[in-house]
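Visitor: I have just opened this entry and would like a slow tour. Please begin with any term I will need.

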Amino acid sequence: MTGYLNIFLRLAIWFLLTANLSVANIIIGVAIALLLPHNHKTQEKLKDWLRALWQSIMAFPIAYKEALEIILTPHDEEVIVMERVPARRTPGLIFLDIFIITFTPKTIVVKYHEDGWYEVHRIERRKKP
C-alpha cells in the first residue's frame, strides 16, 4: 500500500513542477514515477503516511493563520531551532515533513541532518522583558 503512496507522491511532485495536466505529461509523469528507483528495504507504515498526509492538509489553515499573524503583529525575532525527525522516516516521509514545515510562513527548514534532526529557522514575536 505504501508503495502506491510513494508513486502518488512522485506524481504530485511532477505535476507541481511541470504545472501541466496534458495527457502526454501525465504519461511522462507516470513513467518517471515508476522508473525512479525504489527502496524496498525500508518498512513504511500506513499509519505514518496517513499522519503525514493529515498534517499536510492541516498545513493550509495553519499557513493562513500565520500569514494573518505576520500581517497584524510584527515578528522581529529570529531563532534557529533543532527539531527531531520522527522515528522510522523514509525519504518520502522526510520530504513531506520538510514540505509541511516550510509551507507555513513562519518556518523554513534550513538543513536536514542525517543523524535525525531538522534545523528550522523560525520567526517569532519579540518577547517583552
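Guide: Here two strands count as a pair if DSSP finds at least two bridges between them. This is a predicted model, and in the hairpin of E2 and E3, which has three residues between the strands, Gly116 takes a positive phi near 105 degrees.

Visitor: OK, and how many bridges join E2 to E3?

Guide: Six bridges join strand E2, residues 107–113, to E3, and the two strands run antiparallel. Within that pairing, His113 stands opposite Trp117 of E3.

Visitor: Which way do E1 and E3 run, parallel or antiparallel?

Guide: Strand E1, residues 77–84, and strand E3, residues 117–124, run antiparallel, joined by eight bridges. As an example to find on screen, Glu83 has Tyr118 in E3 as its bridge partner.

Visitor: Let me step back. What elements does the chain have?

Guide: The chain has four helices and three strands, and read from the N terminus the order is α-α-α-β-α-β-β. Its C-alpha atoms fill a box of roughly 55 × 35 × 25 Å along the principal axes, while buried residues make up 28% of the 129 residues.

Visitor: How many residues does H3 have?

Guide: Helix H3, residues 46–72, has 27 residues, and from its first C-alpha to its last it reaches 39 Å, close to the 39 Å expected at 1.5 Å a residue.

Visitor: And where does H3 bend?

Guide: H3 bends by about 30 degrees at Ala59, and a proline, Pro61, follows within four residues. Ala59 is also one of the buried residues of H3, which include Asp48, Trp49, Ser56 and Glu66 as well.

Visitor: Switching topic: is Pro91 buried or exposed?

Guide: Pro91, whose place is in helix H4, is exposed, because its relative accessible area is 60% and the cut-off for exposed is over 50%. Pro91 and Asn6 are 85 residues apart in sequence, and their C-alpha atoms are 9.7 Å apart in space.

Visitor: What is the phi of Ala19?

Guide: Phi of Ala19 is near 55 degrees, a positive value in a residue other than glycine. For background, most residues other than glycine have a negative phi. Ala19 lies in the loop between H1 and helix H2 (23–35), and this residue counts as exposed because its relative accessible area is 70%.

Visitor: Last one: where does UniProt place the transmembrane region?

Guide: The UniProt record, an unreviewed entry, places the feature "transmembrane region" at residues 12–36. In the model, the chain over residues 12–36 is 80% helix and 0% strand, with the end C-alpha atoms 14 Å apart.

How values were computed
Residues numbered from 1 in each chain as written. Predicted model: local features only at pLDDT ≥ 70, side-chain atom pairs only at ≥ 80, totals over all residues. Heavy atoms only, no water. UniProt positions renumbered as here; feature names shortened; annotations may be inferred. Expected span 1.5 Å × (residues − 1). Bend = angle between axes of the 7 residues up to and from the residue. Buried < 20%, exposed > 50% of the residue type's maximum accessible area, 1.4 Å probe, protein only.
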